[in-house]
Each structure stands twice: as structure tokens, then as C-alpha cells.
Amino acid sequence: MSQLVKHDTGTGAGLHSNPRDSSSPGLPAERSKDRLIGRLLAGCAVIGSLFFAYELGARATLPERERQHEDSPSRPGSVAPNAAPGAEERAQHAHADEHAAGAASPPIRPLDPGPPSNEPAEPPREPSPREHRDRVLRELRASGPDHRLFAPASAVVGAWTSKLAKLGAAGTFEPLECYAKGCSVTVVHASAVKAEEATAVITRTREFNGWQAGKMRSGLIEHDGDRVEVTWILDAPPPDSPVLPEELPRDDLDELVERGSGR
């Protein structure tokens, strides 16, 4: 039996039959596998496209968010967009210094005033008679000497001495002192009662009432034993005024004289 061979009359070459013909049983499974791989590749391509689009949009808005954050005044160390070169670095150093200083310095705590005191505040202490007299004398002596007052003041003190002796209220007069602001004389008495009697005589004399300026007497200042001393102050009259008038008023000693004679 003869073998048949198919010849291609166009080329003169023979064609062998394809071993993977459509009638082969493994062809449908291979095609299904190819289709699955194609679908997976298509899905990956879609996911990659979406991720690329997200990244592109995020990068487009990133500079604007960074500028808003840097321009925020609440961020420590931020500087204005038009700041001079090096301002950002200086601001960062200043922020670091402030942070270090705050960490090193302890917090300041207000002082506790403590519970309020129930004790009443003590009233200011009144100066003693000696303290008050000494203050007045310091002011007089600080005004400097003034010889205009010495002669009339000597006449006044001399009259006081004489009249006190007559009425039994004598005291020991210390030297007279006169200054620009006035004159002073200190008298030592045997007791506080004698000092008050002498005061009643002096304030009724014509010389006391005729002095053309203010007059005052200090409080009773304790001396040795029962003795006390007082200081009389005769203020200086104005420079253009007389120290004593040409005619002095009369004494007002009649009541004291009658009281003394009736003892």
C-alpha cells in the first residue's frame, strides 16, 4: 500500500500537520488561565492608576499646607514669609533659649500671706513731753541766731522771775536762748503743783500777753526727785512787726494776789 504525501505546489515545500490542533483536549484550560492572568494584570493597572492620581493630588497641595503651618503665629520660632535672611534660624535659636530658660527656672509661687491677725493694730505712739520739747528746740536752733529778739525777750523773762517770786511760785530760770524763729527759756520747779501755779501767773502777766507772736509751754518733764521742768517758747514776730507794743496791757494778777493773801 503506497504512502500519500501532500506537496505544496506553490513553493515546493511540504507542510507538516500541527500537533496542537483545535481538536486537542488541553487547549480550553490553557486559554482560561490566560484570561485570568489578563484580568489580574488589568486590575493591578487600575489600582496603580488610582494610587498615582492620589499621590499627584497630595503633592500638589503639600506646599500650601506647609506655608500655612509656617505662617501660623502660634508655632514657636515661626517667621514671616518676607523676613530677612537668617531670621528663621535666629527664631529657632530664640525658641530653644526660651525652652532652656523655662526648664532651668523654677516656677514662681505667690507668697502666702498667712491667716489674718485678729489683734488690732497698735495706734501710733504719742511723743513724750521731753521728745516734743526737744524737737521744737532743734527747729529753733537750726534757724540760726537773731539778736533782734534777745533784748525784749530778756525783759519779759525778768518780769516773770520777779512776779513769780512775789506770788510764792518762784522757779529756777535757765539761760535764755534766742534764734531767728523765736526764743526759749527752761524753768525748773520744786513740784508739778508749783509748776502749774507758775503757769497761772505767767499767762496773766502783761509781758506774756503783750508779746506780738505765738507763745507756748512744754509739758511737765520729770527732773530729779519731785522736781519738774517746763520750757517756754516765744515765737518770733514778722520782721516788719514790733516784738512788744509801746504800751503793754495791764497784768491780770488780782485774783491770784487775793488768793495768795488769804492763805
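Good morning. The structure before you is a predicted model. Its chain has 263 residues, and 21% of them are buried. It contains seven helices and six strands. Reading from the N terminus, the order of the elements is α-α-α-α-β-β-β-α-α-β-β-β-α. If we take the contacts between residues at least 6 apart in sequence, 66% of them join residues at least 24 apart.

Let us begin with strand 3, residues 182-189. How many of the residues of strand 3 are buried? The count is eight of eight, and the strand is thus described as mostly covered.

Which partners does strand 3 have? Strand 1, residues 172-173, pairs with strand 3 in the antiparallel sense over two bridges, and here Phe173 has Val187 as its bridge partner. Strand 2, residues 177-179, is also antiparallel to strand 3, and three bridges join them. Within that pairing, Glu177 stands opposite Ser184.

Why is strand 6 described as largely enclosed by the rest of the structure? Seven of its eight residues are buried, and therefore the description applies. Strand 4, residues 215-217, pairs with strand 6 in the antiparallel sense over three bridges, with Met216 opposite Ile233. Strand 5, residues 221-222, is antiparallel to strand 6 over two bridges, and Glu222 has Val228 as its bridge partner there. The hairpin of strand 5 and strand 6 has five residues between the strands, and in this hairpin Gly225 takes a positive phi near 65 degrees.

We turn now to the helices. Two packed helices are described by the angle between their axes and the distance between the axes. For helix 4 and helix 5, the angle is about 120 degrees and the axes are 10 Å apart. Helix 4 is therefore oblique to helix 5. The crossing of helix 4 past helix 5 is right-handed. Where they meet, Trp160, Lys163 and Leu164 come from helix 4, and Ala198, Val201 and Ile202 come from helix 5.

What lies in the interior? The largest nonpolar core has 24 residues, and those with the most contacts inside it are Trp160, Leu176, Trp211 and Trp232. Helix 4 provides the largest share, five residues. Another core, of five residues, lies apart from it; Val136, Leu137, Tyr179 and Ile233 are among its members.

I close with Trp160. Which residues does Trp160 contact, leaving aside its neighbours within four places in sequence? They are Phe173, Val185, Ile202, Thr205, Glu207, Phe208, Trp232 and Leu234. Thank you.

Notes. Residues numbered from 1 in each chain as written. Predicted model: local features only at pLDDT ≥ 70, side-chain atom pairs only at ≥ 80, totals over all residues. Heavy atoms only, no water. Core = buried A, V, L, I, M, F, W, Y, C linked by side-chain atoms within 4.5 Å. Buried < 20%, exposed > 50% of the residue type's maximum accessible area, 1.4 Å probe, protein only. Helix = DSSP H or I, 4+ residues; strand = E, 2+ residues; numbered from the N terminus. Contact = heavy atoms within 4.5 Å. Pairing = 2+ DSSP bridges. Axes fitted to C-alpha atoms, helices over the stretch in contact; angles between N-to-C directions. Parallel < 35°, antiparallel > 145°, perpendicular 65-115°, else oblique. Left-handed = near helix turned anticlockwise from the far one by under 90°.
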